[in-house]
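Got your viewer open and ready? Here is a short tour, one selection at a time.

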Amino acid sequence: MSVHPHNSLFDAIIDRRQSGSIKWSKYTNQDILPMWIADSDFKVPTEITDALHQRVEHGIFGYSHAPERLTQLIVERMATRFNWQIEPEWVVYLPGLVCGINLCVRAFTDDDQGVVTPKPIYPPFMSSIKLAKRTLSTIPVTLQNQRWLPDLQCTELAVNTTLMLLCNPLNPGGTVYRQQELEQTLDFAEQHDLLVCADEIHSDLILDKSATHIPFASLNEQAAQRSVTLIAPSKTFNIAGLGASMAIIPNPELRRRFIRTKLGIVPDVNALAYTAAQAAYEHGETWLMHQTEYLRENRDLLTTAINAMPYLKLHPIEATYLAWIDASALPVQNPHTFFERAGIGMSPGADFGNKQFIRLNFACSRTILEEAITRMETAIARLESTAN
């Protein structure tokens, strides 16, 4: 496959094994490609590293507040990218998005109340409910016209369910909710009087050219007033290790409850994280455009390859860099273990709620992705020859 000149940054293979990377240290001294946890292997835009160098040269790293410029950039970004008009005071900063999910569960439910979430889903959705000892209801995610979507018609809520966790784009599955689907979600929330915590961390990573991300809270005033929207530059620009995320909360009472729950437990965002986030949102658009194109090409390569393999199926990925691979036809006990032994370290589907699936992170150089595909093909060919 030809490499576009602007893709040289994304084609580069950077050794992360000595950098303290969780992703790469998992398989230290093993010939296993780490394609599991959701961070990319791409070097960040030079504007981010330049801004960090400048901040480091200052030499003092005391307590920091959020730069007004960063908040302004978020307001502008929501308006220009998503046609959502927000106010600066709606933005609450967090040192990570997962703590935002947990804060929503703690802030907006009591001990005798419950939370409803899609399933399969990003594991912290489930763990946040379990850790808070809240009652769990699930919305089955099913394949509808080649797209993974929660089936609201097949959902029964436990008594006193007051909060819904929404993941848009969907992780796993990569679905981008359309307007009508979000309106149906709002109808469901209004019918059951649910607050909605929307994890929209992958909203910048839209790969399907016919899809547009629509924030749940942007639907109308009713949606806004019952919502918390969680965003971050971390997945978009590969700065998850710096820890800067945001909750956007239009309703002042919900915002007060959220902040009150956070006090004394969740630390403030650190100075370097603020610096990186501001540089990303201010200068990262060209880099993001090129990354999106590279991810789109990786997705297309992977989709074609997977669907040509016996036993496996990969449905269209509209967003994210995470492939939700159906291995239910694979004649093995554990698909994750099978491919790990073949040298590909993916996320086990059991972590998300379906052990017959595996999730593969394709935010890597094309060379590594092609090697992973080759290893999968070899493992399946060996399996077939043994069966015959």
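Start by selecting helix α10, residues 252-262. Its buried residues are Leu254, Arg255, Phe258 and Lys262, where buried means under 20% relative accessible area with a 1.4 Å probe, protein chains only. These residues cover an arc of only 100° around the axis, so they sit on the same side of α10; the arc is taken from the directions from the helix axis to the C-beta atoms.

A word on what you're looking at: this is a predicted model, where local features need pLDDT of at least 70 and side-chain atom pairs count only at pLDDT 80 or more, while totals for chains, interfaces and linings use all residues. Residues are numbered from 1 along each chain as its sequence is written, and side-chain values use heavy atoms, with hydrogens and water left out.

Now show what the buried residues of α10 pack against: β2 (91-94), α5, β7 (195-199), α8 (221-225), β8 (227-231) and β9 (245-248). Contact here means heavy atoms within 4.5 Å. Helices (H or I, at least four residues) and strands (E, at least two) are DSSP runs, numbered from the N terminus.

Next, pick α5 from that list, residues 97-108. How many of its 12 residues are buried? Nine are, so α5 is largely enclosed by the rest of the structure. Among them are Leu97, Ile101, Cys104 and Phe108.

Time for the open spaces. On a 1 Å grid over the protein atoms alone, a pocket is an open set of points with protein on both sides within 12 Å along at least five of seven lines, a cavity is a set where a 1.4 Å probe fits but cannot get out, and lining residues have an atom within 4 Å of a point. Points are joined across faces, edges and corners, and a volume is the space filled by probe spheres set on them.

Select Arg16, Asp39, Asn238, Ala240 and Gly241: of the 47 residues lining the largest pocket, these lie nearest its centre. That pocket has a volume of about 970 Å³. Helix α3 gives the largest share of its lining, three residues.

Then move to the second largest pocket, at about 350 Å³. Asp15, Arg17, Trp24, Ile32 and Pro34 are the closest to its centre, out of 22 lining residues.

Last stop: the largest cavity, with about 50 Å³ of space. Its lining includes Arg77, Met78, Phe82 and Tyr281, and helix α4 (residues 68-82) gives the most to that lining, with three residues.

Definitions and conventions: The expected span of a helix is 1.5 Å times one less than its number of residues. Buried means under 20% relative accessible area, exposed over 50%, partly exposed in between (1.4 Å probe, protein chains only).
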